[in-house]
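Have the sequence and the model open as you read.

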Amino acid sequence: MTTVGFIGLGSMGMPMANNLLAKGFAVQGFDVRGDSIAALASRGARPAASAAAAAAGADALVLMVVNAAQAEQALFADGALEALPDGSAVILMATCPPGAVAALAARVEAAGRRFVDAPVSGGVVGAVAGTLSIMAAAPAAVVERLRPVLAAMGDKVFHVGERPGQGATVKTVNQLLCGVHIAVVAEAFALAAKVGVDLDILLEIMSGSAASSWMLKDRGPRMLQADPGITSAVDIFVKDLGIVLEAGRDTKVALPLAAVAHQMFLATSGRGEGAMDDSQVIRSYHALNGTGQAAEPIGNPGQTG
């Protein structure tokens, strides 16, 4: 395994590709943004003019795109799968619905290529540091063959199942827990704020109690800031909790808490705050309960219908 094609050089894909370069892999990088291709090329990668060019001659093709539709576009409409040598592997690392992943895998394998369903957790920080958790689903022999590639991007590579779609399911469960944890922290803060409790003191108490969680400690401080820096946007959870609910529908599993959390993120995005840090879902709770400054209305001030 020496040559890796890489499609999707965004905020996570770029540092992941950089880590592959740092580990000695030859990387052929493609993105719809030419400046991203040039930036990766300046670090020693081969610039690819198309998805097909990124796949040509590669031992493995990593897809770190936005969603399953983009993965399908790159593989089939844009010719990446046809350009990928027989027996090489497609590694899908984006967060996608399990059913969509299984369908993509069937088409890839029918064309004589391998497929690894390998979503990640750890965010941009983990992508930069090479400390991502990678949830790989594929036959064990395929995962072991590709482990050096995966280990270059994440320090925790888990073989979670033999069938593509199982990795996506594990990531879906992860996002369900993350999204609900963030929303319930915001809900708790809104309750305390309604009766005038100092939220800084509340955060300190809860962080050291049985009610604590990683999300409370990480997102809680940012919920108390008017305009915190962005580590993950509200719209990410609009998308990912939507995937959670789709997985629930496909498997006929009721997910009522995930549904409510999704509505709160959706309401935040609907007010024009989807690009803000996901901790700002608390603004929807403040708007519901009158416990915080209301968001500025969308549109021209004073405009009447």
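Two strands pair if DSSP finds at least two bridges between them. Helices (H or I, at least four residues) and strands (E, at least two) are DSSP runs, numbered from the N terminus. With that in hand, β1 and β4 pair in the parallel sense over four bridges, and I7 has L63 as its bridge partner in β4. β1 also runs parallel to strand β2 (residues 26-30), joined to β2 by five bridges; T3 stands opposite A26 there. Getting from β1 to β2, the chain passes through α1, and this β-α-β crossover is right-handed (with the strands pointing away from the viewer, the path from the first strand over the helix to the second runs clockwise).

A word on provenance: this is a predicted model, where local features need pLDDT of at least 70 and side-chain atom pairs count only at pLDDT 80 or more, while totals for chains, interfaces and linings use all residues. Residues are numbered from 1 along each chain as its sequence is written, and side-chain values use heavy atoms, with hydrogens and water left out.

How enclosed is β1? Five of the five residues of β1 are buried, so β1 is largely enclosed by the rest of the structure. Buried means under 20% relative accessible area, exposed over 50%, partly exposed in between (1.4 Å probe, protein chains only). T3, G5 and I7 point one way from β1, and V4 and F6 the other way.

Leaving aside residues up to four places away in sequence, I91 touches A60, L61, V62, L63, V116, A118, L146, V149 and L150, with contact meaning heavy atoms within 4.5 Å.

On to the rings. Rings of Phe, Tyr and Trp (its six-membered ring) pair if their centres lie within 6.5 Å; planes under 30 degrees apart count as stacked, over 60 as edge-to-face and the rest as tilted. The count comes to one aromatic pair: F237 and F265 are stacked, 5.2 Å centre to centre with 25 degrees between the planes.

F237 counts as buried at 3% relative accessibility, and F265 counts as buried at 0%.
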